[in-house]
Amino acid sequence: MPTISPAGTPTPDPEPHRHRQVAESFGNDAERYDRARPRYPQAMVDRIVAACPGPDVLDVGCGTGIEARQFQAAGCKVLGVEPDPRMADFARHSGVEAEVATFEAWDPVGRDFDAVIAGMAWHWVDPVAGAVKAAQVLRPGGRWAAFWNVSQLPPGLDEAIATVCQRVMPDGPFDFKGMMKNAVDMYQLMFDKVADGIRAGGGFGETEQWRFDWEHPCTRDELLDLLPTQGAFTRLPPDTLAEVLEGVGAAVDAIGGSFTMRYATVVVTAVRTTTA
């Protein structure tokens with residue numbers, strides 16, 4: 001349920017990259033993560049590839065390799081960098097070359113790239129240090145592109161699920177009802193922060209935002225598979241998570257067992273200038 005903020009907090013955290021315990025919790029069930037997380041629209045992949053000067057791509061926070069495999073299918077040669085060894089191992093077994101490190105600490109060993117991408121991951125990177133590192137490893141004219149899938153549940157279902165989460169986790173630091181509304185507007189604060197980091201790091205032209213709207217028919221089982229991969233739920237005790245899933249399942253059953261999830265995939269991107 002990506003309407004929840006990336007840091008798993010009720011409002012976009014100004015420094016989510018400092019929450020390493022959340023950032024490195026997704027590997028608890030890498031197989032589920034890879035199975036349940038939505039892919040990215042092909043139109044987005046095609047536009048980024050067309051806007052790059054060549055096929056060499058560095059995928060920051062590659063996770064299990066979801067976007068890396070999509071870019072490979074589009075003809076790119078992809079190297080992933082991933083701080084969680086469990087996620088990196090899954091990526092390798094799925095056909096993606098991956099090195100274990102945070103992006104800030106990663107040693108490129110003289111390698112450079114035509115593109116630096118990050119799918120649902122750049123908010124875990126220090127915004128200024130990450131921008132400086134991206135400029136260092138990009139060839140002149142290379143493209144940096146970070147992107148996020150932002151979902152919106154149907155009206156009524158969002159309130160029902162928020163009520164379940166608030167009931168089961170009353171003492172948690174989450175305003176679930178607030179998080180379920182105006183997801184793109186909430187994320188926009190984070191997109192602006194990311195763009196500020198790129199400007200502060202230097203070496204890039206002006207940032208742009210590209211948006212791709214799409215829909216996905218979602219079943220009860222798909223939603224229950226997706227939910228435990230979200231930052232607000234990855235570290236819940238099993239009994240608490242089971243109670244959340246039971247309540248969410250009942251809410252979906254009440255509207256017929258399936259629904260249409262609306263997505264906005266937003267790309268924040270900039271081009272490496274010829275001089276730093």
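Cys-62 is buried, because its relative accessibility is 2%, where buried denotes under 20% relative accessible area, exposed over 50% and partly exposed in between (1.4 Å probe, protein chains only). Cys-165, with a relative accessible area of 0%, is buried as well. Zero disulfides, defined as pairs of cysteine sulfur atoms within 2.5 Å, are found in the whole structure. The model is predicted, with local features requiring pLDDT of at least 70 and side-chain atom pairs pLDDT 80 or more, whereas totals for chains, interfaces and linings use all residues. Residues are numbered from 1 along each chain as its sequence is written, and side-chain values use heavy atoms, leaving out hydrogens and water.

Seven strands make up an open sheet of mixed pairing, in the order β3-β2-β1-β4-β5-β7-β6; strands (E, at least two residues) and helices (H or I, at least four) are DSSP runs numbered from the N terminus, and two strands pair if DSSP finds at least two bridges between them. The edges are formed by β3 (97-100) and β6 (208-219), each of which has a single partner strand, so one side of each lacks a neighbour in the sheet. Between β6 and β7 (residues 258-271), the pairing is antiparallel over 12 bridges. Cys-218 is positioned opposite Phe-259 of β7.

Helix α6 packs on this sheet and touches β1, β4 and β5, contact being heavy atoms within 4.5 Å. Buried residues of α6 (residues 127-137) include Gly-130, Ala-134 and Val-137; among the elements covering the buried residues of α6 is α9 (183-201).

Leu-153 occupies the loop between β5 (138-152) and α7 (157-168). Leu-153 is buried, because its relative accessibility is 2%.

Key
Axes are lines fitted to C-alpha atoms, for helices over the stretch in contact, and angles run from 0 to 180 degrees between N-to-C directions.
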